[in-house]
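Visitor: I'd like to learn how to read a ligand site from the atoms up. Can we work through one together?

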Amino acid sequence: MSTLFIDGRWVSATAGGTRQVVNPFDQSVIRTVDEAAATDAEAAVRAARAAFDDGEWRGWTARRRSLLLRRVAELLQRDRAEIARLETLDTGKTLVESGIDVDEVTSVFEYYATQAESDPGRLVDAGNPAVRSRVLYEPIGVCALIAPWNYPLLQIAWKVAPALAAGNTMVLKPSETTPLTTIKLVELLDEAGAPAGVANLVLGAGDPVGSTLTESPQVDMVSFTGGLATGSAIMASAARTVKKVALELGGKNPNIVFADADFEAAIDYALIAVFFHAGQVCSAGTRLVVEDALHDEFVAELTQRVERIKLGNGLDADTESGPLVSAEHREKVESYVSIAVDEGARLLTGGRRPDNPKLARGFFYLPTVFDDCHGGMRVVQEETFGPIMTVERFSEIEDAVRIGNDTTYGLAAAVWTGEARKAEYVARALRHGTVWINDFGPYLPQAEWGGYKRSGVGRELGHAGLAEYQEAKHIYENTAPEPQRWFAR
Ligand code: NAD
């Protein structure tokens, strides 16, 4: 089957390009998909442009768009098992994690179905009874939606649902490493009744496929999730045609544990924070920042538990963590381990590939913990995007805040303490887009997600996540116009 979707039809790449999608557990080929060229991306943009400017989609009411989103939510649940399996094959994450992703994506479609219907704009008081002043929210136009490989379905869905709710048309560009669930999502959008040209799909490398989208004068907005360097290049590229950009970039997220925290819960979540999906999570709490008085006991217990994490095939029920996504990515993670050792960090566990011969064909790496870390180290400042925890310590509350803010990123942070006032003080002092108190990781479709500083521009989810895909139009209506006699009196 052809895997590019342009103007309501599944088509092959015009130049005949293909790419093999590989299972990171054993390097088997899961599927061969089309590899688009710039001309395919241009065709997708033309289809999206025509559907926005002249298609039946322009006439769809908010209610109808809402019903479309609800239908997609139903179809996601109907095919939940198939989608979860695809995501696990493609990314290596466990089947339980993939199932949770499908459920959360469903909630996001449901949330924006409701938002689509309940967004009537607003009346503004012009201070003049003869004037009716209204602000309407309209779609921006053609959106390029570019996603990473770590949460392929979830990250693209955070863009597709609000972009559709607002009435835009779009071109989806998943990561070339993990396109399978995005292909499936586009099948479901088609089945749900999205008109031809509204949601187009191109697959392939960032350059030329993604860059063709960001450079095109026919594209009005780029919403991108991915790495800092790519995000920065996209912003520069979009500047040439003054496109709107929304960027969700990386994070280097502190997990701050005070001595009065609930020990059992804090340990458990410290593991989840880093080793969930092998650390390939933008909001991973890879910087453990622990109070001096607790440090020795906490780190000793944590290290023991890290050594018991079961690596394996994401499809097996007892696997707790899968492989890294690719050979290339594992090499990057390994290079950070060498850097950390050279910088003087103390390796407590991990720091190498596993010996288990059953894992030999997968891109596995042992969960790794470094103690004696500080903010001057690259392993503490740069996103390793792997199963590497660094441990820093503090004695005063102000030190905890200073360490927590000692990063150019600002995506997420957590604070663990039994004292509510202390938790609130630290939560407010931290310069991060999400702060968890006595928890790590949850997000809600109805609450904004995004980064301070270099973690990004704009927000996804929540009301602001819809506003990213809207233009505000002010209509000022004078119901009793009278001559002003300003000129030519
Ligand atoms: P990446 O930046 O390498 O690639 C992301 C996407 O951009 C891919 O689809 C890629 O093909 C495309 N791309 C690459 N070069 C491009 C170009 N010049 N023009 C247009 N598109 C281009 O990121 P990745 O390695 O796939 O994902 C990991 C990164 O994503 C991490 O840094 C992680 O923190 C970040 N991330 C952030 C969030 C968040 O919510 N803030 C969520 C998930 C992942």
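Visitor: How far does a polar side-chain atom of Trp149 lie from an oxygen atom of the ligand?

Guide: Keep in mind that this is a predicted model. To read a polar contact, look for N or O atoms paired within 3.5 Å. Here, the polar side-chain atom of Trp149 is 2.8 Å from a ligand oxygen. Glu176 has a side-chain N or O atom 2.6 Å from an oxygen atom of the ligand, and for Trp449 that kind of distance is 3.1 Å.

Visitor: How much of the ligand's accessible area does the protein cover?

Guide: Compare the ligand on its own with the ligand in place. On its own it has 860 Å² of accessible area, and the protein covers 87% of that. As for where it sits, the ligand takes up the space of the largest pocket.

Visitor: Which residues come nearest to the ligand?

Guide: Lys173, Glu176, Thr230, Leu249 and Glu383 do, out of 27 residues around it. Sort the shell by class and you get 12 nonpolar, 11 polar and four charged residues.

Visitor: Which element gives the most to that shell?

Guide: Helix 7, with three residues. Helix 7 (206-215), strand 10 (221-225) and helix 8 (228-239) each supply at least two.

Visitor: And the whole chain, how many helices and strands are there?

Guide: Count 15 helices and 20 strands. The radius of gyration is 24 Å, close to the 23 Å from the globule rule for 489 residues, so the chain is as compact as a globular protein of that length. Along its principal axes, the C-alpha trace spans about 80 × 55 × 40 Å.

Methods:
Residues are numbered from 1 along each chain as its sequence is written. This is a predicted model: local features need pLDDT of at least 70, side-chain atom pairs count only at pLDDT 80 or more; totals for chains, interfaces and linings use all residues. Side-chain values use heavy atoms; hydrogens and water are left out. A residue is near a molecule or strand if one of its heavy atoms lies within 4 Å of it. A polar contact is a pair of N or O atoms within 3.5 Å; within protein, one must be able to donate a hydrogen and the other to accept it, and residues adjacent in sequence count only if both atoms are side-chain atoms. Accessible areas come from the Shrake-Rupley method with a 1.4 Å probe; for residues, only the protein chains shown count as cover. On a 1 Å grid over the protein atoms alone, a cavity is a set of points where a 1.4 Å probe fits but cannot get out, and a pocket is an open set with protein on both sides within 12 Å along at least five of seven lines; lining residues have an atom within 4 Å of a point. A molecule sits in a cavity or pocket if more than half of its atoms lie within 2 Å of its grid points. Helices (H or I, at least four residues) and strands (E, at least two) are DSSP runs, numbered from the N terminus. Ala, Val, Leu, Ile, Met, Phe, Trp, Tyr, Cys and Pro count as nonpolar, Asp, Glu, Lys and Arg as charged, and the others, Gly among them, as polar. The radius of gyration is taken over C-alpha atoms; the globule rule is 2.2 Å times the number of residues to the power 0.38.
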